[in-house]
Amino acid sequence: MAREYVFVDEWDVDAPVESVFAALSDASTYPLWWKPVYIEVESDGPPVVGRTSRQHFKGRLPYRLKTESRITELEPPRRLAVDVHGDLSGTGVWSLTPRDHGVHVRFDWRVNADRPLLRYLTPVLRPLFRWNHNWAIARAREGLEPYARLAARG
C-alpha cells in the first residue's frame with residue numbers, strides 16, 4: 001500500500017487576505033497561532049523563494065514529527081508552495097481567494113510517511129493518521145483567524 005497521504009482542507013477566515021497570507025507564509029509564526037500543534041519552528045529569515053524552515057510538531061497521537069520546508073513558490077497574497085523533507089516528504093500548497101468579508105483558504109498537502117514507524121503502520125492505521133491530521137487542521141482553523149485579525153490591527 002502506498003505511503004502517500006493526500007489532504008485537501010478548506011475554510012473561510014474573516015480577516016484581511018494580506019494578514020492571513022503573512023501568517024501562512026512565515027512558518028516562524030506557526031507556534032503562535034497553530035497551538036498546540038507546532039512546538040518549535042526555526043527559519044532562515046522572512047519568506048522568499050528558496051528560504052527554508054525547520055518544524056517540530058505533533059498531533060493527538062503520541063508521536064512528534066520533524067520536517068524541513070523550502071519555499072518553492074511565493075505569490076503574495078494568493079499562493080505559497082513548499083517542498084517538505086524529513087519524517088514526512090512531499091509538497092504543501094496554500095491557496096488564498098479573497099471573499100466579501102475575508103479570505104477562503106485551501107491547503108493541499110501531499111506527503112509520504114518517511115519516518116519508519118509511520119511507514120510501517122500506514123497500511124493498518126491510515127484512518128487514524130487521517131483523524132490525526134484533521135485534529136491538527138482544526139487547531140489551525142481555531143488559531144489563524146484571531147491571529148490574522150490581530151496582526152491586521154497592527
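This is a predicted model: local features need pLDDT of at least 70, side-chain atom pairs count only at pLDDT 80 or more; totals for chains, interfaces and linings use all residues.
The structure contains 11 salt bridges. In one of them, the side chains of E4 and R110 come together with an N to O distance of 3.3 Å. This pair joins distant parts of the chain, since E4 belongs to strand β1 (residues 4-13) and R110 to strand β7 (residues 102-113), 106 residues apart. E4 is partly exposed, at 30% relative accessibility, and R110 is likewise partly exposed, with a relative accessible area of 41%.

Strand β1 also takes part in a link to strand β6 (residues 88-99), through D12 and R99, which are 87 residues apart. The closest N and O atoms of the R99 and D12 salt bridge are 3.9 Å apart. Because its relative accessibility of 46% falls between the limits of 20% and 50%, R99 counts as partly exposed. D12 is partly exposed as well, with a relative accessible area of 48%.

Two further arrangements involve charged residues. E73 and R79 form a salt bridge whose closest N and O atoms are 2.7 Å apart; E73 is partly exposed at 27%, and R79 is partly exposed at 27%.

R54 lies in strand β3 (residues 52-58) and is partly exposed, its relative accessible area being 27%. With D44, the contact includes a polar one between the two side chains, at 3.2 Å. R54 and R110 are 56 residues apart in sequence, and their C-alpha atoms are 18 Å apart in space.

Definitions and conventions:
Residues are numbered from 1 along each chain as its sequence is written. Side-chain values use heavy atoms; hydrogens and water are left out. Helices (H or I, at least four residues) and strands (E, at least two) are DSSP runs, numbered from the N terminus. Buried means under 20% relative accessible area, exposed over 50%, partly exposed in between (1.4 Å probe, protein chains only). A polar contact is a pair of N or O atoms within 3.5 Å; within protein, one must be able to donate a hydrogen and the other to accept it, and residues adjacent in sequence count only if both atoms are side-chain atoms. A salt bridge is a side-chain nitrogen of Lys or Arg within 4 Å of a carboxyl oxygen of Asp or Glu.
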